[in-house]
Amino acid sequence: MQYDLIVVGMGISGISAAIYAKNSGLNVLMLEKNTPGGLLNKINTINNYPGVGEITGPDLSYKLFQSVNDLQITYKIAEVENIILIENKKVVQTNIGDFEAKYVILATGRKNRNLGLKNEEQLIGHGISTCALCDGSLYKGKEIVVVGGGNSALEETLYLANIVKKVYLIHRRDAFRAEFSLIKKVEEKENIEILYNSTITSIKEENGKLKEVVINDKIHLEVEGLFTYIGYEANNFLKDLDIYNETNYIKVNENYETSIQGIYAVGDCIEKKIYQLITAANDGAVAGIHVSKEIKKN
Ligand code: NAP
């Protein structure tokens, strides 16, 4: 069977694209390798998405997923491995088989950046985390470290400070890049100690679990938990497609079309200036509408 459109990724941008395409009468398939909602599932509080008030990331994910079900959009849990172009057709190869469509929208997001320390990878899930919402309660009453100076680091520090005994917030420069209101809240919170001009130079483990974080090669913090919020990295996993820039983000035009006819990209995987939920939803809506118009033209 050939679909009109395959949307790869069920985060907010992919779901927005699928909603508009489905409402225009297209035959849509969504593919997702993990949990619908993507990175939203790791956010504890959202207060800047209009119309839903203050909401947790998982609750907003659930609402998005409800829209997929309400509109009877077909979806499958599948990991996309490659996309092959055959004349006007796109063959999306996945771990559960191949799927064909006239158009593809990539909404594959990006992943958390790592610090690049020696034993970091092994300690993820054993003391190192990028999800305060998922793992914060493991450190109730304990001291932990958060690293980063953007909105994510400061928001998650505030969340964690309400659970744990003390948070050391480590930032490599002498000023945060987060919003002023967040900085003020962090500075006012009694159990947050900010260490500016500080870099984590090593981490130590004991019995496969995090034991100590070393700052600037001289300060030794005995902590069991380290939460890293140092931004994101894009992923150019579709190696055969020449659609990426030098930092692995996908280049698109104002309609969210890539350089390959019939392949679009939206949300956090594209090169753009503002990465917000609302801008991701916008990308998806515009691309979904554009694909629908293109299909009706032909
Ligand atoms: P970000 O804004 O890119 O900030 C990353 C932080 O990590 C920066 O402070 C950076 O330091 C630091 N960093 C980067 N690499 C590092 C390294 N190797 N070692 C130590 N520190 C390192 O990332 P984000 O906070 O996750 O935010 C991503 C995007 O989502 C932004 O556009 C942000 O505004 C948005 N966001 C918005 C909200 C909201 O609206 N409430 C919430 C969360 C995120 P430098 O400052 O020195 O570069």
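Guide: Let's start with I278, which is partly exposed, at 40% relative accessible area. On this scale buried means under 20% and exposed means over 50%, with partly exposed in between (1.4 Å probe, protein chains only). Before going on: this is a predicted model, where local features need pLDDT of at least 70 and side-chain atom pairs count only at pLDDT 80 or more, while totals for chains, interfaces and linings use all residues. Residues are numbered from 1 along each chain as its sequence is written, and side-chain values use heavy atoms, with hydrogens and water left out.

I278 sits in helix α7, residues 277-297. Helices (H or I, at least four residues) and strands (E, at least two) are DSSP runs numbered from the N terminus. From I278 to G97 there are 181 residues in sequence and 33 Å in space, C-alpha to C-alpha.

Now over to the ligand. Q276 has a polar side-chain atom 3.1 Å from a ligand oxygen. That falls within the cut-off for a polar contact, a pair of N or O atoms within 3.5 Å; within protein, one must be able to donate a hydrogen and the other to accept it, and residues adjacent in sequence count only if both atoms are side-chain atoms. S152 puts a side-chain N or O atom 2.6 Å from an oxygen of the ligand, and E155 has a polar side-chain atom 2.7 Å from a ligand nitrogen. On its own the ligand has 910 Å² of accessible area, and the protein covers 79% of that. These areas come from the Shrake-Rupley method with a 1.4 Å probe; for residues, only the protein chains shown count as cover.

Who else is around the ligand? The shell has 19 residues, of which N48, S152, E155, R173 and R177 come nearest; a residue is near if one of its heavy atoms lies within 4 Å. By class there are five nonpolar, nine polar and five charged residues. Here Ala, Val, Leu, Ile, Met, Phe, Trp, Tyr, Cys and Pro count as nonpolar, Asp, Glu, Lys and Arg as charged, and the others, Gly among them, as polar. Helix α5 (residues 151-161) gives the most to the shell, with three residues. Both domain 1 (2-111 + 232-297) and domain 2 (114-228) give residues to the shell, so the ligand lies between them. The domain bounds come from an automatic or database assignment.

Domain talk done, here's a disulfide. C131 and C134 form one, with their sulfur atoms 1.9 Å apart; the cut-off for a pair of cysteine sulfur atoms is within 2.5 Å. By that rule the count comes to one disulfide. The torsion about its S-S bond is about 75°, so the C131 and C134 disulfide is right-handed. C131 counts as buried, at 3% relative accessibility, whereas C134 is partly exposed at 46%.

T130 lies in the loop between β8 (128-129) and α4 (132-135). T130 is buried at 17%, and its side chain makes a polar contact of 2.9 Å with the side chain of K42.

Last stop is F227, in strand β15 (residues 225-228). F227 is buried, at 0% relative accessibility. Although F227 and I144 are 83 residues apart in sequence, their C-alpha atoms are 7.9 Å apart.
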